[in-house]
Amino acid sequence: MEFPIAGVTISPLALVGIGFLVGILGGFFGVGGGFIAGPLLFWTGVPTNIVVGTDLAHMTGKSIVASNRHRSLGHVDLKLGVVMVTGTIIGVEIGAQLIELLEDMGNVDQVVGISYVIILILISAFTAWESIRAIRMIQAEKLAVKDVIAFQNITKRMHGIRLWPMVSFPGSGIASVSLWVVLGVGLLSGILAGFLGVGGGFIRMPLLVYVIGVPTHVAVGTDLFEIVFSSGFGTLTHALKGNVDILIALVMHTGAAIGAQIGAVSTRFFAGPRIRLLFSALPLIGAILVIIRLATGTEGH
Amino acid sequence: MQVETRKVIRNFIIELVVYGFLVIAYFLLILQSIGDWLTSLYFNNLTVYAIMALVLIVIQAVVLEKVTAFLVERLGLERLE
């Protein structure tokens, strides 16, 4: 099938397949999946500039379906999502400014690439270590609970900050936390997302769990809710620059929407630590893709 | 428990099949009817194209999910939730 905007001919089945794969990952883990969809789209022959914008467009649609499904399962904390979006958007702008600063200094690709790999490996290693500990805790103490966090030091410290105004998030079971902590987490994930040029789902999900103390299932759903806005905003800005082939995005979304539903519903059958353990593989895959890109000098996204 | 799991899986598969058909039909409709118009917009008016791109992807996501939910209820099947 010919896509005149991108100037390529691609099998729609391949696009639906990519969408389906990324949809399952997105629905299950609460990530946009751009780090996998980007290279795959590039591989089908879509020009690099169109890859980023088109990926964001399909991500918007997929996240709407997945977050709506998670919402019906009670996995979305709307209040938390709305508060965090504010911090995230400001953070993305700061991250983008940092990139421009680095561009002026030169060597931006290597600095971003190496930072990306280090952050991804750290997230992967920490999440894997913590989730294995949590699974062992559940097994050893025969706990009949859906979620346990084996590392709560950061959460306790964050909840101990009594900086006005204090807010509650009943949807996440959080009685009282400083608004600045939540905004700060949104800001941090936004800065990293803007700096690394990614949606930031794989950064935000662990931050929600380990820093704010949100249950894993709610973190996945709330992260997807945030992605709706961040990728929607990205779609608009990229489309204005001519970087979105909406026909490709619509075709991809036919697969992504189905995949997102499967992914979202599948979370019902997994306890929080198991979701986090499976999640820990994702940043590692992302890191490997970046290492390959840096080593071969090819453009990934 | 097994009966319940089987029921959940059955309902979900039916929903997915219905959803899949609707999504594919919608996709074909888009390509057939507004594909050329969108391409023309892209080359002639990028601002309108950008707005339409966002609107279309949102509509595709929201409307089809709602329609499927309605159809599954009409089929008399329990939603997974």
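Student: In which helix of chain A does A:I24 lie?

Tutor: Keep in mind that this is a predicted model. Residues 12–29 of chain A form a helix, and A:I24 falls within that stretch. The helix asked for is α1 of chain A.

Student: Is A:I24 buried or exposed?

Tutor: The cut-off for a buried residue is 20 or more other C-beta atoms within 10 Å. A:I24 has 22 other C-beta atoms within 10 Å, so A:I24 is buried.

Student: At what angle do α1(A) and α10(A) pack?

Tutor: Helix α10 of chain A covers residues 246–266, and its axis is 6 Å from that of α1(A). The crossing of α1(A) past α10(A) is right-handed. Sorted by class, their contact holds 19 nonpolar, 12 polar and no charged residues. The angle between α1(A) and α10(A) is about 35°.

Student: Are α4(A) and α7(A) parallel or oblique to each other?

Tutor: α7 of chain A spans residues 179–196, and its axis is 6 Å from the axis of α4(A), at an angle of about 40°. The crossing of the two helices is right-handed. Their contact is made up of 21 nonpolar, 10 polar and 1 charged residues. Angles under 35 degrees count as roughly parallel, and α4(A) and α7(A) are therefore oblique.

Student: Which residues in α9(A) do the residues of α4(A) meet?

Tutor: α4 (residues 78–105) and α9 (residues 216–240) of chain A have axes that come within 9 Å and cross at roughly 45°. That angle makes α4(A) oblique to α9(A). On the α4(A) side the contact uses A:L78, A:L80, A:G81, A:M84, A:V85, A:T88 and A:V92. On the α9(A) side, the residues are A:T222, A:F225, A:E226, A:F229 and A:S230.

Student: How do the residues of that contact of α4(A) with α9(A) divide by class?

Tutor: α4(A) passes α9(A) in a right-handed crossing. The contact of α4(A) with α9(A) divides into 7 nonpolar, 4 polar and 1 charged.

Student: Why does A:F279 count as buried?

Tutor: A:F279 is placed in helix α11 of chain A, residues 272–279. A residue needs 20 or more other C-beta atoms within 10 Å to be called buried. A:F279 counts as buried because its C-beta neighbours inside 10 Å number 26.

Student: Leaving aside neighbours within four places in sequence, which residues does A:F279 contact?

Tutor: A:A128 lies 151 residues from A:F279 along the chain, with 8.2 Å between the two C-alpha atoms. Apart from neighbours within four places in sequence, the contacts of A:F279 are A:F29, A:T127 and A:M205.

Student: Is the peptide bond from A:W164 to A:P165 cis or trans?

Tutor: A:P165 is in the loop that runs between α6 (153–159) and β3 (166–169) of chain A. Most peptide bonds are trans. The bond from A:W164 to A:P165 has omega near 0°, and is cis.

Student: What is the radius of gyration of chain A?

Tutor: Chain A has 12 helices and 4 strands. For 301 residues the globule rule gives 19 Å and the computed value is close to that, so chain A is as compact as a globular protein of that length. Its C-alpha trace spans about 55 × 45 × 35 Å along the principal axes. The radius of gyration of chain A is 19 Å.

Student: What percentage of the residues of chain B count as buried?

Tutor: Chain B has 2 helices and 0 strands. In chain A, 53% of the 301 residues count as buried. Among the 81 residues of chain B, the figure is 22%.

Student: Which element gives the largest share of the side of chain B that touches chain A?

Tutor: In the contact between the chains, 29 residues of chain B meet 28 residues of chain A. The elements of chain B that give two or more residues to this side are α1 (2–44) and α2 (46–74). By class, the residues on this side of chain B are 22 nonpolar, 5 polar and 2 charged. The largest share, 14 residues, comes from α2(B).

Notes. Residues numbered from 1 in each chain as written. Chains lettered and ligands numbered in written order. Predicted model: local features only at pLDDT ≥ 70, side-chain atom pairs only at ≥ 80, totals over all residues. Contact = placed C-beta atoms within 7 Å. Nonpolar A, V, L, I, M, F, W, Y, C, P; charged D, E, K, R; others polar. Buried ≥ 20, exposed ≤ 12 C-beta atoms within 10 Å, placed from the backbone. Rg over C-alpha atoms; globule rule 2.2 N^0.38 Å. Axes fitted to C-alpha atoms, helices over the stretch in contact; angles between N-to-C directions. Parallel < 35°, antiparallel > 145°, perpendicular 65-115°, else oblique. Left-handed = near helix turned anticlockwise from the far one by under 90°.
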